[in-house]
Structures are given as C-alpha cells and as structure tokens.
Amino acid sequence: MKIMITGCNGQLGSELVSVISSGKSQIGEIPREIVGAEVLAIDIDDLDITDFKKTEEFVLNNKPDVVINCAAMTNVDGCEGMRETAFKVNALGVRNLSIASKNTGAKFVQISTDYVFEGKGNKPYTEWDIINPVSVYGASKALGEKYALSFNPKTFIVRTSWLYGFNGKNFVKTVIRVIEQKGSITVVSDQIGNPTNANDLAHHILKLAVTDEYGIYHCTGQGECSWYDFALKIAEYSGYKDAVIPCTTTEYNNKNNVPTKRPAYSSLDNMALRCTVGDEMRKWEEALKEYIDKVGESVRH
Ligand SMILES: NC(=O)c1ccc[n+]([C@@H]2O[C@H](COP(=O)([O-])OP(=O)(O)OC[C@H]3O[C@@H](n4cnc5c(N)ncnc54)[C@H](OP(=O)(O)O)[C@@H]3O)[C@@H](O)[C@H]2O)c1
C-alpha cells in the first residue's frame, strides 16, 4: 500500500508519518495493512496543492492508494485577512487533490474542522447536523468538504478540533511559553470544544483509511471544556499554580484586536466512528497528560 500525506511538516501530517513508521500509536496497534506501507510524505516545497496541473501530475506519476490531505491554511485570524489564499488552499487545493485521486482510483481523506459549525448549540454536533460557518477559515474548510465529496466518491471527511501535536505551534505550547515568560496567561472561558491529541487522531484516520466506509466523521478527544479549562490542565500538568486567568471572548477580542468570529460551542460527537470502526479516542485530559509528560522540556522551547 502507498500512502501520500500532504502537509507532512504540520502537526497532524508529521504525526501520521511517525505513527505509520513506528507501527503503532499511543492508543495501540494500527491496521496490519498500514504497517510497512510506503509513505509519500510531502509539503508545500514538494507540491503546492493549489496548482491544479501539478497536483494532477504528481498523483498520476506516484499512484498512491490513499491520499491523506493534512495541508491547510490553519491560521484562523490570518484567513480573515487573506480570504483568497484561504479559499485557494482550503477549498481549491482540496478540489485538486480530490479530482487527482479520483482519476487514479485512490481513496481520499480530507481533514476538516469543528469551525464549519455556527456554534450556537449546547449539545455536541453530530455528523448529520447542518453546517454554517461564521469565519473565513470555517467557510473555506466547508467548501473544501463539499468539493472533496463531489469529485471522489471514495472520500472520508474527518472533522477534528483544538488539535495539538509534537511539530509546529499549538495552544499547549503557547500556554506553557507565556506562563514561563510572563508568569500567567489570560484565556477565554466562554468557548467550548474538544482538545484533540494529533496522535490519537492519526490512529483513527489510519483505521478508517483501510476500510471502504466513506463519509463524514467527527474525531475529537472525549469530553468537552472551555479554552480556560484546557489551559488550567496544561498549567497543572506542567507544574504551574494560579497561572491562568479567565476572561470573556468579548474582553479578549477587544483587548487583542481579534478580527474573527469563533463558534461559542463547537463540541463534536464522534457518532459515525462509534457506529463503524469504533471510537477509541481517549479522555482529553488523559491524552493531554501523556503529551505533556512525553514532550517534557522540549515543549517549552
Ligand atoms: N490545528 C487545529 O487546531 C485544527 C483544528 C481543527 C481542524 N484542523 C485541521 O487539521 C488539518 C491539519 O492541521 P495542522 O494543525 O496539522 O496544520 P498545520 O500544522 O498548520 O500544517 C499544515 C501544513 O500544510 C502546509 N501547507 C499550507 N499551504 C499549503 C499548500 N498550498 N500546499 C501544500 N502544503 C501546504 C503548511 O506549510 P506552511 O507551514 O509552510 O504553510 C503546513 O506544513 C488541517 O486540515 C486543519 O484545517 C486543525
């Protein structure tokens, strides 16, 4: 089996590469078909997915069995100011990979986000809930979902949220760095979601990729919390006390000139996983603890 992974330098892409090469995730064994698979790990220097012709040619020349797209413009506030770039990467780039994978008969896995939802509810969104993004990032990812499903029938959409992995920037690293530098951090307490360990997500993506059970999946850590609760646990597991201060979204946005609307409630229910390959996602606190224990000092830099 040949697996092509785009965005391989990012948080999720790098985790997928490492899980495949070690043959297991922190949750456990990965499917037998994946162990020993040939991995074609690429990032923007190898292929810019916004280039239709090059993307078609690349997939045609390499003939992967599965294409997992982890490439994206993930800077939520950046997307607001760069609408066309967000549209090109998160929507057209996905279309290009979807058409290219369809042309060669490959399966396609597109990673999406809780930010496709409006966030006005108060119970976890399932895969059959109606999407209604409130940001450019969310809208570009929503169109990416639509394109992916339109062009390649062998498509998995995997929505995740509040992701953290070993490579690149994430909220966990930011909280620790700011507490170290300033002694405390102020975090919003009125946005609710699900912290998700990229290693756990990689485990489930690979479980899905060996099946023919195409469709939309939610895959997030078990349990929900606010960004404030998340930061409190990060501080606790890193040995800091009284270092996290709560605030409202309005207070935070006014103080920091944040241009983007974010869903107030974007907790996801992993219903489709439960009904198919099984939901082995760990409690978010447990997955976070293992992450912080593992990265230790290195997360501070
Ligand atoms: N991070 C989260 O909290 C979160 C939450 C929900 C869903 N997701 C979704 O999960 C997926 C993985 O996220 P992540 O956090 O792993 O992302 P990430 O760390 O930002 O990595 C994305 C990678 O894609 C590359 N890339 C950007 N534009 C590209 C292009 N035109 N062609 C090829 N590669 C390109 C980036 O390169 P550069 O760094 O050079 O730009 C980067 O290496 C994304 O689909 C994201 O929308 C993420």
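Is Cys-219 buried or exposed? In this predicted model, local features require pLDDT of at least 70 and side-chain atom pairs count only at pLDDT 80 or more, whereas totals for chains, interfaces and linings use all residues. Residues are numbered from 1 along each chain as its sequence is written.

Cys-219 is buried, because 25 other C-beta atoms lie within 10 Å; a residue is buried if 20 or more other C-beta atoms lie within 10 Å of its own, exposed if 12 or fewer, and partly exposed in between, with C-beta atoms placed from the backbone. The loop between E10 and strand E11 (225-226) holds Cys-219; strands (E, at least two residues) and helices (H or I, at least four) are DSSP runs, numbered from the N terminus. Beyond its neighbours within four places in sequence, Cys-219 is in contact with Val-158, Thr-160, Leu-201, His-204, Asn-270, Leu-273 and Met-281, contact being defined by C-beta atoms, placed from the backbone, within 7 Å.

Six strands form an open sheet in the order E2-E1-E3-E4-E5-E10, with parallel pairing; two strands pair if DSSP finds at least two bridges between them. Strand E2 (38-42) and strand E10 (215-218) are the edge strands, each pairing on one side only. Between strand E3 (residues 66-69) and E4, the parallel pairing extends over four bridges, and Val-109 in E4 is the bridge partner of Ile-68. Helix H1 packs on the sheet and touches strand E1 (2-6), E2, E3 and E4; the direction of H1 makes about 155° with that of E1. Axes are lines fitted to C-alpha atoms, for helices over the stretch in contact, and angles run from 0 to 180 degrees between N-to-C directions.

Helix H2 (residues 52-62) packs against H4 at an angle of about 35°, with the axes 9 Å apart. The residues of this contact divide into six nonpolar, five polar and one charged. Ala, Val, Leu, Ile, Met, Phe, Trp, Tyr, Cys and Pro count as nonpolar, Asp, Glu, Lys and Arg as charged, and the others, Gly among them, as polar.

Around the ligand there are 27 residues, of which Gly-7, Gly-10, Gln-11, Ala-71 and Ala-72 come nearest; a residue is near a molecule if its C-beta atom, placed from the backbone, lies within 6 Å of it. Helix H1 (11-22), helix H4 (83-104) and strand E4 (107-113) each give two or more residues to this shell, and the largest share, three residues, comes from H1. The shell comprises eleven nonpolar, 13 polar and three charged residues.

Terms used. Two residues are in contact if their C-beta atoms, placed from the backbone, lie within 7 Å.
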